[in-house]
Amino acid sequence: MYTSVNRRMKNDIRNVFVKRSFIYFCVSMFCALFGGIYEIFSHGVYSSYMIYAFLFPLIGGTLYNLILYIIQGIKLQNGMSLIFYNTGIAALTLGSIIRGILDIYGTDNVLANVYRYAGTVLILTGIVFYILDKEGVRR
């Protein structure tokens with residue numbers, strides 16, 4: 001009985017990694033599609049920030065969760081570490097899109113750099129909470 005419960009719990013935890021990877025993959029494809037459509041209507045003006053905005057959720061979300069899925073013995077990211085990490089990825093992605101919009105528009109704003117710094121600090125805070133979390137669910 002306990003073995004089947006442990007197996008089911010192990011499979012549920014592994015499914016969480018796959019589910020998070022899939023969600024981040026969908027978000028990155030939405031960002032790529034949004035950037036492509038936005039630049040079609042930008043009258044020939046392009047921005048590398050807009051083109052590569054999809055890489056933040058793809059690398060920081062999909063690849064990160066797939067690596068956690070592959071490595072055995074890694075605990076599940078939850079609680080504050082998950083909140084800070086996801087918010088950091090969102091801040092980097094949104095900052096890149098806003099910076100791309102400003103570049104295409106032909107203007108510059110110093111406040112667009114705040115997203116980069118805030119996203120980096122939030123991701124690092126999430127990683128610190130993940131390392132300090134002693135009660136995390138292990139696979």
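Student: Is Phe129 buried or exposed, or partly exposed?
Tutor: In this predicted model, Phe129 has a relative accessible area of 36%. Buried would require under 20% and exposed over 50%, so Phe129 is partly exposed.

Student: And which ring does Phe129 pair with?
Tutor: Phe129 pairs with Phe84. The ring centres are 5.4 Å apart and the planes lie at 5 degrees, so this pair is stacked. Phe84 belongs to helix 4 and Phe129 to helix 5 (residues 112-132), and the pair links distant parts of the chain, 45 residues apart. Phe84 is also partly exposed, at 22% relative accessibility.

Student: How many aromatic pairs are there in the whole structure?
Tutor: Four were found. One of them joins Phe34 and Tyr38, a tilted pair with 5.9 Å centre to centre and 35 degrees between the planes. Both residues lie in helix 1 (residues 2-40), four residues apart, or about one turn of the helix. Ring pairs also link Phe30 with Phe34 and Tyr38 in a cluster.

Student: Changing topic: how do helix 3 and helix 4 pack?
Tutor: Their axes are 8 Å apart, at an angle of about 155 degrees. An angle over 145 degrees counts as roughly antiparallel, so that description applies to helix 3 and helix 4.

Student: Which residues meet there?
Tutor: From helix 3, Phe56, Pro57, Gly60 and Tyr64 meet Tyr85, Ile89, Leu92, Thr93 and Ser96 of helix 4. Six of these residues are nonpolar, three are polar and none is charged.

Student: What comes just after helix 4?
Tutor: Gly106, which takes a positive phi of about 95 degrees.

Methods. Residues numbered from 1 in each chain as written. Predicted model: local features only at pLDDT ≥ 70, side-chain atom pairs only at ≥ 80, totals over all residues. Heavy atoms only, no water. Helix = DSSP H or I, 4+ residues; strand = E, 2+ residues; numbered from the N terminus. Axes fitted to C-alpha atoms, helices over the stretch in contact; angles between N-to-C directions. Parallel < 35°, antiparallel > 145°, perpendicular 65-115°, else oblique. Contact = heavy atoms within 4.5 Å. Nonpolar A, V, L, I, M, F, W, Y, C, P; charged D, E, K, R; others polar. Phe/Tyr/Trp six-rings, centres within 6.5 Å; stacked < 30°, edge-to-face > 60°. Buried < 20%, exposed > 50% of the residue type's maximum accessible area, 1.4 Å probe, protein only.
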